[in-house]
Amino acid sequence: MRTFVGIGKGETASAVDSAVNGLVSPSMILFITPYEAVEETASMIYERFPDVPSIGTIGTKVANGVVEEQEIVVLGLYEDAKVSCGVICNLSSCPVVSVKELEGKIQEVSPGQDNTVCIEFCTGYEERLVTTFHACLETKGIQLAGGTVFGVPEGKEAVVAYNGRLYEDSCVYAIIKNTVGKVKVFKENIYKKSSQISHVATKVDVNSKTLLELDGKPAAAVYSQELNVPKEKIIDNVLKNPMGRVVGEQVFISSMKSLKNNGALENFKRINKNDCIYFLELGDYREIEAETRNMICEEMKEISLVLSVDCIYRYLLYEQENYFTTYAEDMASLGTHIGVVTGGEQFNNQHVNQTMVCAVFE
């Protein structure tokens with residue numbers, strides 16, 4: 001599958017010009033830009049390519065081994081990618097009203113077996129969003145990989161871009177069918193169970209994503225006792241020991257956000273009542289990263305594009321360990337690679353934290 005990756009630096013107008021220089025007749029455009037440049041970037045790309053669907057998000061970017069902070073990164077797909085893009089509005093109230101439109105977008109690409117993926121970027125309300133997507137995608141065998149925007153200045157609203165316009169409380173998406181090979185989504189978890197001790201979420205507030213009690217006791221007290229971490233240090237310990245929600249054989253990470261006075265833990269991923277919860281510990285991430293790349297190479301032949309979504313907490317951990325640049329270079333060894341750092345990740349029917357998800361195209 002042919003792709004184009006362009007990078008632009010400096011003032012927004014000249015950065016966009018540089019980023020799209022050489023991009024001719026794409027079937028779609030995906031761009032990643034700093035928050036302060038997103039409106040102008042979206043408008044300029046739409047004016048330059050008015051008949052080409054485009055979606056955009058914000059955040060720290062990775063492009064072919066280089067970590068980009070303030071630059072603009074553009075991904076273009078060509079005719080061997082059949083694409084249909086759209087926007088889901090009102091995530092906080094009723095995203096399900098977009099189901100009919102989403103089903104129409106899916107029909108436009110005529111998805112086949114193992115060759116179609118949905119890439120999305122949203123401003124929040126992830127659990128409602130993945131439920132909406134799952135209802136439409138699962139029956140067609142379409143995989144999902146996406147992320148929640150991160151990098152919004154304090155006091156500003158999170159936004160995503162679609163065809164030259166900015167949207168709040170929304171999700172933009174691209175249904176992409178690879179007509180010349182397979183596409184598959186992968187999830188990487190660099191954490192493991194700290195012990196075989198499991199806990200049951202006995203009291204939760206799903207609206208605020210707060211875990212009030214585990215095994216009938218304040219959640220913070222259980223965490224503190226098992227990991228020997230003072231309650232006031234629990235949030236600071238999130239890079240080392242997050243929590244994990246078990247679904248079948250998989251563990252989906254839920255990061256702690258804040259400690260409440262009653263010993264409850266507010267999280268970035270919702271935990272439901274009766275969920276099975278484990279406390280996790282950081283594994284050998286260098287070895288895990290190598291295993292992930294080996295698995296991708298074994299399952300996907302002649303890789304043409306890797307599109308990755310990394311949690312901000314992974315980024316902070318890797319920066320702390322002086323590893324993120326190495327990680328970016330290693331991802332580029334797979335083939336053409338772009339990625340974005342997000343505030344949360346979506347993988348098929350799950351919203352997760354502290355995780356890398358990626359879509360790999362042959």
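**View 1. Helices H3 and H4 pack against each other.** The model is predicted: local features need pLDDT of at least 70, side-chain atom pairs count only at pLDDT 80 or more, and totals for chains, interfaces and linings use all residues. Residues are numbered from 1 along each chain as its sequence is written, and side-chain values use heavy atoms, without hydrogens and water. H3 spans residues 99-109 and H4 residues 126-137 (helices are DSSP runs of H or I, at least four residues, numbered from the N terminus). Their axes, lines fitted to C-alpha atoms over the stretch in contact, lie 10 Å apart at an angle of about 45°.

**View 2. Residues at the contact of H3 with H4.** H3 contributes Val99, Leu102, Glu103 and Ile106. H4 supplies Thr132, Phe133, Cys136 and Leu137. Contact means heavy atoms within 4.5 Å.

**View 3. Leu30 in the largest nonpolar core.** This core has 57 residues (buried Ala, Val, Leu, Ile, Met, Phe, Trp, Tyr and Cys joined through side-chain atoms within 4.5 Å; buried means under 20% relative accessible area, 1.4 Å probe, protein chains only). Leu30 and Ile176 have the most contacts inside it. Beyond its neighbours within four places in sequence, Leu30 touches Ile55, Val73, Val74, Leu75, Ile119, Phe121, Leu307 and Ile338. Another core, of 48 residues, lies apart; among them are Ala219, Ile253, Leu280 and Ala328.

**View 4. Helix H7, residues 312-320.** Its buried residues are Ile312, Tyr313, Arg314, Tyr315, Leu317 and Tyr318. Asn322 follows H7, with a positive phi near 55°.

Key. Axes fitted to C-alpha atoms, helices over the stretch in contact; angles between N-to-C directions. Helix = DSSP H or I, 4+ residues; strand = E, 2+ residues; numbered from the N terminus. Buried < 20%, exposed > 50% of the residue type's maximum accessible area, 1.4 Å probe, protein only.
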